[in-house]
Amino acid sequence: MIWGYATVGISNRKLFQCVSNEVIQRIDELSALSISNLIWSFAKVNHFDSLLFKIIENISLKLYSQFTTQELTILLWSFSSLGWECKSLCAEISRTALFRYHDFSLQSISNLIWSC
């Protein structure tokens with residue numbers, strides 16, 4: 001739902017805050033795809049939530065191997081677009097990219113470089 005709002009550029013602060021509160025309580029239930037779509041949605045409407053971002057960063061460090069290359073790129077692009085520094089996550093994803101470089105498109109590699 002939140003992805004749909006962000007896609008059409010609707011930034012309802014109250015809605016995003018409610019989603020954030022719910023996600024914080026249920027973060028362990030989210031898939032890698034859900035995490036990347038969620039953080040992209042927050043970046044798209046420029047909604048900043050430091051507690052949520054810290055939790056997403058931590059869970060992403062644990063689950064990074066489950067993310068597709070596109071999801072990794074979206075995750076880092078979104079954090080960077082929001083001004084959220086996630087050096088540990090950037091370092092881990094960069095190491096992963098070295099071993100999975102053949103899975104990344106040129107655009108994904110470019111986005112990773114920009115994000116980190």
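S36 is buried, at 1% relative accessibility; buried means under 20% relative accessible area, exposed over 50% and partly exposed in between, with a 1.4 Å probe and protein chains only. S36 lies in helix 3; helices (H or I, at least four residues) and strands (E, at least two) are DSSP runs, numbered from the N terminus. This is a predicted model: local features need pLDDT of at least 70, side-chain atom pairs count only at pLDDT 80 or more, and totals for chains, interfaces and linings use all residues. Residues are numbered from 1 along each chain as its sequence is written, and side-chain values use heavy atoms, with hydrogens and water left out.

**Buried serines**

- The side chain of S36 reaches the backbone oxygen of L33 at 3.1 Å. A polar contact is a pair of N or O atoms within 3.5 Å; within protein, one must be able to donate a hydrogen and the other to accept it, and residues adjacent in sequence count only if both atoms are side-chain atoms.
- Not counting residues up to four places away in sequence, S36 touches F67, E71 and I74. Contact means heavy atoms within 4.5 Å.
- S78 sits in helix 5. Its relative accessible area is 0%, so S78 is buried.
- With neighbours within four places in sequence left aside, S78 contacts I39, W40 and A43.

**Aromatic pairs**

- The structure holds six aromatic pairs. Rings of Phe, Tyr and Trp (its six-membered ring) pair if their centres lie within 6.5 Å; planes under 30 degrees apart count as stacked, over 60 as edge-to-face and the rest as tilted.
- The F53 and F79 rings are edge-to-face, because their centres are 6.1 Å apart and their planes stand at 80°.
- F53 belongs to helix 4 (residues 50–63) and F79 to helix 5 (residues 69–81), so this pair ties together parts that are 26 residues apart in sequence.
- Both F53 and F79 are buried.
- F53 also forms an edge-to-face pair with W84, at 5.8 Å centre to centre and 75° between the planes.
- W84 lies in the loop between helix 5 and helix 6 (87–99) and F53 in helix 4, so the pair ties together parts that are 31 residues apart in sequence.
- W84 is buried, as is F53.
- Ring pairs link F16, F42, F48, F53, F79 and W84 into a cluster.

**C86**

- C86 is in the loop between helix 5 and helix 6.
- Its relative accessibility is 5%, so C86 counts as buried.
- C86 touches E57, L76 and F79, residues up to four places away in sequence not being counted.

**Largest pocket**

- The largest pocket has a volume of about 150 Å³. On a 1 Å grid over the protein atoms alone, a pocket is an open set of points where a 1.4 Å probe fits, with protein on both sides within 12 Å along at least five of seven lines; lining residues have an atom within 4 Å of a point. Grid points are joined across faces, edges and corners, and a volume is the space filled by probe spheres set on the points.
- Its lining consists of M1, I2, W3, V19, V23, L30, S34, N37, L38 and S41.
- Helix 1 (2–7), helix 2 (13–26) and helix 3 (32–44) each give two or more residues to this lining.
- Helix 3 gives the most, with four residues.
- The lining residues divide into seven nonpolar, three polar and no charged. Ala, Val, Leu, Ile, Met, Phe, Trp, Tyr, Cys and Pro count as nonpolar, Asp, Glu, Lys and Arg as charged, and the others, Gly among them, as polar.
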